[in-house]
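Here are a few friendly notes to read alongside the model. Please keep it open as you go through the points.

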Amino acid sequence: MNLFRSEEHVKNWASYDPVSAESVIPVDVYAQAFSGPLFKNRLTPDYLSRTQDYAGEFVKTLQAMGKGGPFWIPT
């Protein structure tokens with residue numbers, strides 16, 4: 001993950017690829033997406049048996065954020 005000061009700095013970066021434009025979002029949005037049970041509960045004893053539920057919640061969170069495309073949710 002690369003952190004930039006602004007979207008303009010991202011687009012001026014020598015390695016910028018317009019195909020990855022959907023992944024350019026503020027850090028607080030990443031924090032929101034990756035703070036759900038799929039990531040927070042990794043050390044709980046029943047994690048593996050509940051992974052499907054957690055993954056479903058993660059997908060719903062992404063979709064609510066408008067990030068339901070193939071970059072975020074592989075088919």
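1. Ser 23 sits in the loop between α1 and α2 (helices are DSSP runs of H or I with at least four residues, strands are runs of E with at least two, and both are numbered from the N terminus). Ser 23 counts as buried because its relative accessibility is 15%, where buried means under 20% relative accessible area, exposed over 50%, and partly exposed in between, with a 1.4 Å probe and protein chains only.

2. A word on the source: this is a predicted model, in which local features need pLDDT of at least 70 and side-chain atom pairs count only at pLDDT 80 or more, while totals for chains, interfaces and linings use all residues. Residues are numbered from 1 along each chain as its sequence is written, and side-chain values use heavy atoms, with hydrogens and water left out.

3. What does Ser 23 touch, leaving aside its neighbours within four places in sequence? Its partners there are Tyr 30, Phe 71 and Trp 72, with contact meaning heavy atoms within 4.5 Å. A polar atom of the Ser 23 side chain also lies 2.6 Å from the backbone oxygen of Ser 20. Pro 37, 14 residues away from Ser 23 in sequence, is 21 Å from it in space, C-alpha to C-alpha.

4. Do look at the largest pocket, with a volume of about 450 Å³. On a 1 Å grid over the protein atoms alone, a pocket is an open set of points where a 1.4 Å probe fits, with protein on both sides within 12 Å along at least five of seven lines; lining residues have an atom within 4 Å of a point. The volume is the space filled by probe spheres set on the points, which are joined across faces, edges and corners. Of its 19 lining residues, Asn 2, Phe 4, Ser 23, Val 24 and Ile 25 are the closest to the centre. Both α1 (7-12) and α2 (27-33) supply at least two residues of the lining.

5. Phe 4 belongs to the segment before α1 and is partly exposed, with a relative accessible area of 33%. Beyond its neighbours within four places in sequence, Phe 4 is in contact with His 9, Val 10 and Trp 13.

6. Tyr 16 is placed in the loop between α1 and α2. Leaving aside neighbours within four places in sequence, Tyr 16 is in contact with Val 10, Lys 11, Ala 21 and Val 24. Gly 56, 40 residues from Tyr 16 in sequence, is 31 Å away in space, C-alpha to C-alpha.

7. Finally, the largest nonpolar core has 10 residues, among them Ile 25, Tyr 30, Phe 58 and Trp 72 (a set of buried Ala, Val, Leu, Ile, Met, Phe, Trp, Tyr and Cys residues joined through side-chain atoms within 4.5 Å). α2 and α4 (47-64) each supply at least two residues of this core, and the largest share, 4 residues, comes from α4.

Note on methods: Polar contact = N/O pair within 3.5 Å; in protein donor to acceptor, adjacent residues only side chain to side chain.
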